[in-house]
Amino acid sequence: MPVNENFDPVVISEQQFDHAVCYIQKLKKGLIEFLKKPKHINIFNFPIEMDDGSVQSIQGYRVVHNRVFGPGKGGIRYHPDVTMEEVVSLAKLMTWKCALVNIPFGGAKGGVVCNTKELTENELRRITRRFTSEMADNIGPHTDIPAPDMYTNEQTMAWIYDTYDVLHPGKNNRPVVTGKPIDMGGSYGRNEATGVGVYHVTERFLSKALIAEQQTVAGASVVIQGFGNVGSIAAQDFFRNGAKIIAVSDSQGGVYRAEGLDPDVLLAFKNEHGTIVGLPDTMTMTNEEILELECDILIPAALSNQIHADNAHKINAKVVVEAANAPTTPAADEILRQRGIYLLPDILANAGGVTVSYFEWVQNQANQQWDLDEVNARLQKRMFKTVDAVFSRWQGFVVGEAIPSEQEINNTEPGQQPDFRCIALSIAIERVAKATLMRGIWP
Ligand code: NAD
């Protein structure tokens, strides 16, 4: 990774925000400052009794960035490296993502500093219940709705729901969390939704014919970094629709096969060996190398800051589709833009997950469970509509119909053709800003 680039997630999200607001007209300066800041940050410290009788002090965070459109929405991650700064920047990303796909949620995020690989199931359950009780009425079906994130899953959500339900008896508390097990009010299609959404966003984007020789997924060569939930589900959809998956990777490294890889074969191998590396008839590569392969579609689906100032000029794809959160740095964005490589940003490309979380919340309110076809049809419709909105605003700038915001609004002169991240963010920020003023600033 380059030494001179700032990877601080707060700095990166501020840079992206500042750039995007240049493309919004008549946004009041004070409102810009308000939109940048989280609504509230809660830090919790609590003791947990370990299985061996010892006591460990645990720290957790829950941040609500904005609630103008509705309750906060965002995952809770369990990771030893979780910081408040990271949680704040991810909460902001959730605000823009929800606003972009037009769902009535604000942005939130949570984190607990712990290493799940070193904890037993009983210890994890005690941490989750205690964290939930510490958050108390900060979360709720109409205030702030958690979901799974890194190293939390449907079991974690079942414990959060159960704890909240014990503390709030006599109400329908199912909508307090999404990503629950199907038998406890989870939605069909939620587990697959992010990967499926990545596919739909790409499919719709290609149909806009910006890449003349690649207007459908069929026949496209695809490289995917990360073969977990999102990467493997997206791989299956691309494969089913005629794309050629030429390389994928996981934390151990990557595999390449010019003739294409079958995602089901990859999954079977990964289940047996714990990695895709070593799959017969493939060439082993490093994670860095697979990012630089010549392909039509490159999908980073693992970690943040993977495409940066030092490798952006080596990217050999026609379009980068950000399945992961924040895989591309602002410096890399600019290099890709100058090189004519399109990038579909995280708040658009991976919004399928929060969209189906919203469907779960709606089903829970009505005590219904939609079938998979209904969920998927609604998901596709919303993803297509969102791509259309971003594309049409972007086109407005390209053909010169739209005017960038005025100098007085903020001091940056855009002076350049915007990329899709900037456009997607500007749509989201504008929606939240308009709604804030429409509600009326209280008192
Ligand atoms: P996951 O844990 O299921 O999979 C992550 C994958 O990345 C694994 O295959 C892992 O081996 C691989 N990986 C780890 N380190 C790597 C490295 N250095 N190089 C290459 N691969 C590496 O996680 P997921 O749910 O698939 O999430 C992937 C990304 O998508 C994350 O950035 C997450 O924040 C984002 N995302 C996920 C969802 C969702 O619904 N799951 C929604 C929105 C965004």
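**Group meeting: a walk through the predicted model**

Residues are numbered from 1 along each chain as its sequence is written, and side-chain values use heavy atoms, with hydrogens and water left out.

Back to Asn 173. You'll find Asn 173 in the loop between helix H5 (154-167) and H6; helices here are DSSP runs of H or I with at least four residues, strands are E runs of at least two, and both are numbered from the N terminus. Is Asn 173 buried or exposed? Asn 173 counts as buried because its relative accessibility is 2%; buried means under 20% relative accessible area, exposed means over 50%, and partly exposed is in between, with a 1.4 Å probe and protein chains only. Its side chain makes a polar contact of 2.8 Å with the side chain of Asp 165, and a polar atom of the Asn 173 side chain is 2.7 Å from the backbone oxygen of His 168. By polar contact I mean a pair of N or O atoms within 3.5 Å; within protein, one must be able to donate a hydrogen and the other to accept it, and residues adjacent in sequence count only if both atoms are side-chain atoms.

Now the ligand. How many residues surround the ligand? There are 19, and the closest are Thr 194, Asn 229, Val 230, Asn 287 and Ala 302; a residue is near if one of its heavy atoms lies within 4 Å. By class, that shell has seven nonpolar, ten polar and two charged residues. Here Ala, Val, Leu, Ile, Met, Phe, Trp, Tyr, Cys and Pro count as nonpolar, Asp, Glu, Lys and Arg as charged, and the others, Gly among them, as polar.

As for ligand oxygens, one lies 3.0 Å from a backbone N or O atom of Ser 251, and an oxygen atom of the ligand is 3.2 Å from an N or O atom in the Asn 325 side chain. On its own the ligand exposes 830 Å², and the protein buries 72% of that, with areas from the Shrake-Rupley method and a 1.4 Å probe; for residues, only the protein chains shown count as cover. Helix H6 (190-207), helix H7 (229-240) and strand S7 (244-250) are the elements giving two or more residues to the shell.

Tyr 151 isn't a glycine, yet has a positive phi of about 60°. Tyr 151 sits in the loop between strand S5 (144-148) and H5, and is partly exposed at 42% relative accessible area. The peptide bond from Trp 442 to Pro 443 is cis, with omega near 5°, and Pro 443 is in the segment after helix H14 (420-439).

Last, confidence. The chain averages a pLDDT of 94, and 95% of the residues score at least 70; pLDDT is the predictor's confidence in each residue, from 0 to 100. Over residues 406-414, though, the pLDDT is below 50, and this stretch has 17 contacts in the model beyond near neighbours in sequence.

Definitions and conventions. Predicted model: local features only at pLDDT ≥ 70, side-chain atom pairs only at ≥ 80, totals over all residues. Contact = heavy atoms within 4.5 Å.
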